[in-house]
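Have the sequence and the 3D view ready.

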Amino acid sequence: MIELGVPNSRLILAAEQTIYMVFVSLGIGTLIAVLLSVVLVLTNPGGILKNKYIYVVVNTVVNVIRSIPFIILMVFILPLTKMIVGTRIGTTAALVPLVVFIAPYLTRLFENSILEVNKGIIEAAQAMGASYFEIVRYFLLPEARGSLILSVTTGTIGLIGATAMAGAIGAGGVGDLALTYGYERLNFPLMLFTVVILIVFVQSIQTVGNYFSTKVRKH
Amino acid sequence: MINFVNISKTFTVKRQKIKALQHVSLQISDGDIFGVIGFSGAGKSTLLRMVNALEIPTEGRMEVDGRDINALDFSELRKVRKKIGMIFQEFNLLESKSVYDNVAIPLILNHVDKKLIQKRVTELLSFVELSDKALAYPSQLSGGQKQRIGIARALANNPSILLCDEATSALDPETTESILQLLKRINKKLNITILIVTHEIHVIQSICNRVAVMEHGSVVETGTVLEVFSNPQQNMTKRFVQTVIPDEIPPSIVETLHDDVRNYRLLKIRFLGNNAKRNIVYYINTHYKVETNILFASVNELQQTVLGIFIVQVIGDDSEINQVISYIERNKIQWQEVVL
């Protein structure tokens, strides 16, 4: 066993913090993104509920947030964080900027996935007398499923990257461990270890994502 | 009863107005298999989509069973749509769902009880002869099988009308024929009115009882298939009909006619129904001093009625030929002189 210079409990805590941040923000972000992407697809100029105003507003908000680098976004929305979770620092406080970061990102990816669904399917749904909600629930989302899973996979990997910066507001996590112990204390073995862990983590997520995406697509 | 009352539709694309439909009036009676034929861009699909309000007319009124479909609110319209089945050229099945689930979808949307759904889907799959494919996915099926599933799905809620948008255009001739026979069975057994748009004249010939011919957004000719096919009026119609019912002298025979120095006239004679059974040519040969020479003949069956077309070279004196013509007219047989 290589000596990493930090207690095992510290390593486990960091891993837990990263997993917590990634999956909670992913869950909330996905819900928001599904909603927003559906709104974008339905209201876009070729959509079945064409609405210029709603489309332009949502589209602009998504673009604006996507323009801000995460490290800046995090400190920029500190007042919002304070309002929502009652504190500006810590792992839970990091969830707010992570959600704000990932939701528009996933919205864009989901929008593309849903737009890939053959227009004829929507027409068939309308001809069957489906309501707008039913069109989304029974036609658009199931048909886009394979592509949506890949989008979530890409989003998850993006989130892992973002959590490394969350150390800046005291959120901890694997990235923070690498910076404070590995970089600042010149602990190269620890740095290497965290990098390997992150690579394994990202590879596993991509593999799992590909597996499920192929599974729902390949019939 | 489907009633198009003076329907016009104008699309605006990049500030240019495109007249997709211009003052179309058509009536489709219950029990009809009504075919609309035209080249692509003639406005047929737009016309078809008026019936379930997938397209809304810019002018005119669309009536289905006496109700103005564009005056309904959305929930009423959805109820009406559930009683109008629709099938598509590209089938539009859900690739992510099994055959069973595809057929079940309209029933789920109609909040049918789960057990009843199972019974109905089983029934429908056996009707389209694909019971063994219930668990397959659309990508595992051939084009013809996909269209059968599309048909099963369209029939799920016992519609009174079935709309077919180029339903056989993506299929090979043999598969097309089997789908057409299925549509015929649906019309006869389930008593469903069928409206078909197509660019394939043989589709009209083989199953429709009435036809409308469209060109540039207008209906140029309409009537029973027998009327339109036996005596097409518009050039457009003639072109379509000629591809399935040829009525011209083959070119090599035309050439030999150029060298023929005898006095003759060429008569194109059309026999319809019982007329076809009488032996006109024999009568002419035995009663007039002329020689007859059949240059072209075709016999087709339309709507269980025989349509025969003959081009006869009648050789003899003008006076005798005129007597032959008046004999043909006395017998109320359609004829036309052919000019080379």
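What follows is a short tour of a few spots in this model.

## Before we start

This is a predicted model, where local features need pLDDT of at least 70, side-chain atom pairs count only at pLDDT 80 or more, and totals for chains, interfaces and linings use all residues. Residues are numbered from 1 along each chain as its sequence is written, while chains are lettered from A and ligands numbered from 1 in the order in which they are written.

Let's look at helix α4 of chain B, residues 114–127. Helices here are DSSP runs of H or I with at least four residues, strands are runs of E with at least two, and both are numbered from the N terminus. The expected span of a helix is 1.5 Å times one less than its number of residues.

In α4(B), the buried residues are B:R120, B:V121, B:L124 and B:L125. (Buried means 20 or more other C-beta atoms within 10 Å of a residue's own, exposed means 12 or fewer, and partly exposed is in between; C-beta atoms are placed from the backbone.) Seen down the axis of α4(B), its buried residues fall within an arc of 130 degrees, so they line one face of the helix. That arc is taken from the directions from the helix axis to the C-beta atoms. On the other side of α4(B), B:K115, B:L116, B:K119 and B:S126 are exposed.

## A buried strand residue

Next up is B:I84, which sits in strand β6 (residues 84–88) of chain B. B:I84 is buried, with 24 other C-beta atoms within 10 Å. Setting aside neighbours within four places in sequence, B:I84 is in contact with B:V51, B:N52, B:P159, B:I161 and B:L163. Contact means that two C-beta atoms, placed from the backbone, lie within 7 Å.

## An open sheet

Four strands of chain B make an open, antiparallel sheet in the order β2-β1-β4-β5. At the edges stand β2 (16–28) and β5 (67–68) of chain B, each with a single partner strand, so one side of each has no neighbour in the sheet. Strands count as paired if DSSP finds at least two bridges between them. Strand β4 (residues 59–64) of chain B pairs with β5(B) over two bridges, and B:E63 stands opposite B:D68 in β5(B).

## Where the chains meet

Finally, 19 residues of chain A are in contact with 21 residues of chain B.
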